[in-house]
Amino acid sequence: MSNCRNGFKIFLLLIAFATILPFKAQAYNLSVTFDDLSDADIAARVEEGKKLFKANCAACHKVDGKLTGPAMADVWTHWDSQAKLIKWVQNSQELVKSGDPYAVKIFNEYNKQVMSAFTQLSDDQVISIIEYYVQAEQKGLGKAKEAVAAGGGAESSGPSSGPNKWILFTVIGALALIAISLFAITSKLDGLVHQGADGEPVKQESLFSKFQTKKLVSILIIVGVVFLGYNIVKGAIDLGRSQGYQPEQPIKFSHALHAGQNKIDCQYCHTGADKSRHSVIPSMAVCMNCHKYVQEGPKYGETEIAKIYEYSGWDPVSSSFKNAPKPIEWVKIHNLPDHVYFNHSQHVKVGGIECQTCHGNVQEMEVVQQFAPLSMGWCINCHRQTDVQFANNDYYSIFERYHDEIKKGERANVTVADIGGTECAKCHY
C-alpha cells in the first residue's frame with residue numbers, strides 16, 4: 001500500500017515539475033537590460049514602469065492573462081530585438097505595415113484591432129514598463145536581475161518563442177503514462193510481498209477504487225464548489241460590461257477618415273464634450289456643413305452620403321432642403337449604469353483629459369468600438385493616478401494644505417483621489 005502511495009506522489013511531482021519548468025524558462029528569455037544599476041535605481045525605474053503601465057497599458061493588457069490585448073507574458077519574449085519591441089509599443093501599426101511576421105500575427109490574432117500608438121513614450125520609458133513586468137512576474141528585483149543576466153542582456157540572437165503548449169501537453173501526458181505504469185508495477189510488487197497463507201498474492205484494489213474514498217470525494221466537491229463560486233462571481237462582475245462592443249451603425253461613418261485623415265477635431269462634431277454632462281450626438285446640420293459640397297466618399301462612394309441627404313431632407317440636385325429631417329437611430333456604444341454620474345465637461349474642460357484616454361485612438365477606428373472597460377475599478381484607478389491641474393487654478397485655492405506642501409517640496413503633485421475623487425458620493429448620489 002505504501003508503494004502505491006509513493007507511486008501516486010511521484011506522479012504529482014512529475015506533473016508539477018513538467019508544468020512549472022517551462023514557465024520558469026520562459027521568464028529567462030526576456031530581452032531587457034538593467035545597465036548594472038543598483039537595486040534602489042532599479043526599484044525607481046520599476047515604479048515608473050508600473051505607473052506608465054497602469055496609465056497606458058492596463059486598459060487592454062494584463063501581466064499574466066489576456067484582456068482586450070494579449071498578456072504581456074505572451075508578447076514581450078517573441079521579438080528579434082529590444083529595439084523592435086520598443087517600436088511595437090510606440091507604433092504597432094507601423095510595424096504591421098512593414099510586414100514584421102510577429103506584429104502581423106498579433107494583429108490578425110486579435111481581429112485586426114488597432115493598438116493605440118504611444119509615440120509619447122520614450123525608449124527608456126518603454127524599457128521601464130518591461131522592467132516592471134519582469135519584477136511582477138519574478139516576484140522580486142533580485143530574480144529579475146538574474147532573469148536578465150540569463151537572457152543575455154539587451155540583444156538577442158534570434159526570436160524566442162517560449163514553450164509550445166502542445167509540447168507541454170505531450171510531456172505531461174507522457175509523464176502521466178509513466179507514473180501510471182509505475183503505479184501498476186508497484187501495486188503488483190506490493191501484492192507479491194504481502195502473500196496470503198496459501199502463498200497466493202493478496203488481491204489489490206483497482207486504481208479506480210482507490211479514488212473512491214470519502215476523503216477524496218469531499219475534496220473534489222470542495223474544489224467544485226470553489227470553482228463554481230469563482231465563475232459565478234466573475235460572471236456577475238462582468239455583467240453589463242461591453243468592452244470591445246462594435247455595433248454596425250445605420251450610416252457607415254469612418255472616424256479614421258474624418259478624425260484621422262481629415263484631422264477634424266472631436267469637439268467640432270461632439271460640441272457638448274467641454275460644455276455639458278453629455279458629449280452630444282452631432283446634429284445633421286453639422287454633417288451638412290461639409291456634405292452640401294462633398295457628395296462622394298473615398299470608400300463608399302455616394303451610397304452612405306446619400307443616406308445623410310435622405311435623413312436631413314437635402315436635395316443635391318436643387319441644392320436645397322425639400323423634406324423634413326428625420327432622426328438617425330444611432331446605436332449607442334458607451335453605456336454607463338443608471339446609478340453612475342459622469343460629466344464630460346468636468347473631465348474634458350476642467351481635467352484636461354484627452355478623448356483618447358477613455359475612447360481609445362478613435363481617429364484610427366473605421367468602426368468605433370468601446371475601448372475601455374468603463375468599470376468602477378478602472379475609473380478609480382484613473383482618479384488615483386491622474387494629477388490635478390493644481391497650479392494657477394483659483395478653484396483649488398481652498399486646499400491650502402496641499403499648496404503649502406508643494407511650496408515646501410513635501411509634495412510633487414496632487415491627484416484626483418487627494419481631493420475626493422474616490423469618495424462614493426462623487427459618482428453615486
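1. Let's start with a pair of charged side chains: those of D418 and R411 meet in a salt bridge at 3.0 Å, N to O. A salt bridge here is a side-chain nitrogen of Lys or Arg within 4 Å of a carboxyl oxygen of Asp or Glu. D418 counts as partly exposed, at 29% relative accessibility. Salt bridges that share partners join R401, E405, R411 and D418 into one network. For the exposure words, buried means under 20% relative accessible area, exposed over 50%, and partly exposed in between, with a 1.4 Å probe and protein chains only.

2. A word on what you are looking at: this is a predicted model, in which local features need pLDDT of at least 70 and side-chain atom pairs count only at pLDDT 80 or more, while totals for chains, interfaces and linings use all residues. Residues are numbered from 1 along each chain as its sequence is written, and side-chain values use heavy atoms, with hydrogens and water left out.

3. Now for the overall picture. The chain has 20 helices and two strands; these are DSSP runs numbered from the N terminus, helices being H or I with at least four residues and strands E with at least two. Of the 429 residues in the chain, 32% are buried.

4. How much of the contact count comes from residues 24 or more positions apart? Such residues account for 66% of the contacts in the chain with a separation of 6 or more, where contact means heavy atoms within 4.5 Å.

5. Accessible areas come from the Shrake-Rupley method with a 1.4 Å probe, and for residues only the protein chains shown count as cover.

6. One surface feature to find is a nonpolar patch formed by I178, L182, I185 and L189, with about 340 Å² of accessible area together. Patches are made of residues with over 30% relative accessible area and no salt bridge; like charges are joined within 9 Å, and nonpolar side chains (Val, Leu, Ile, Met, Phe, Trp, Tyr) within 5 Å. L189 lies in helix α9, residues 165–193, and is partly exposed at 46% relative accessible area.

7. Back to the charges: the whole structure has 10 salt bridges. Among them, D315 and K322 pair at 3.5 Å, N to O; D315 is buried at 18% relative accessibility, whereas K322 is exposed at 56%. E94 and K87 also pair, at 3.9 Å, N to O. E94 is partly exposed, with a relative accessible area of 42%, and K87 is partly exposed at 34%.
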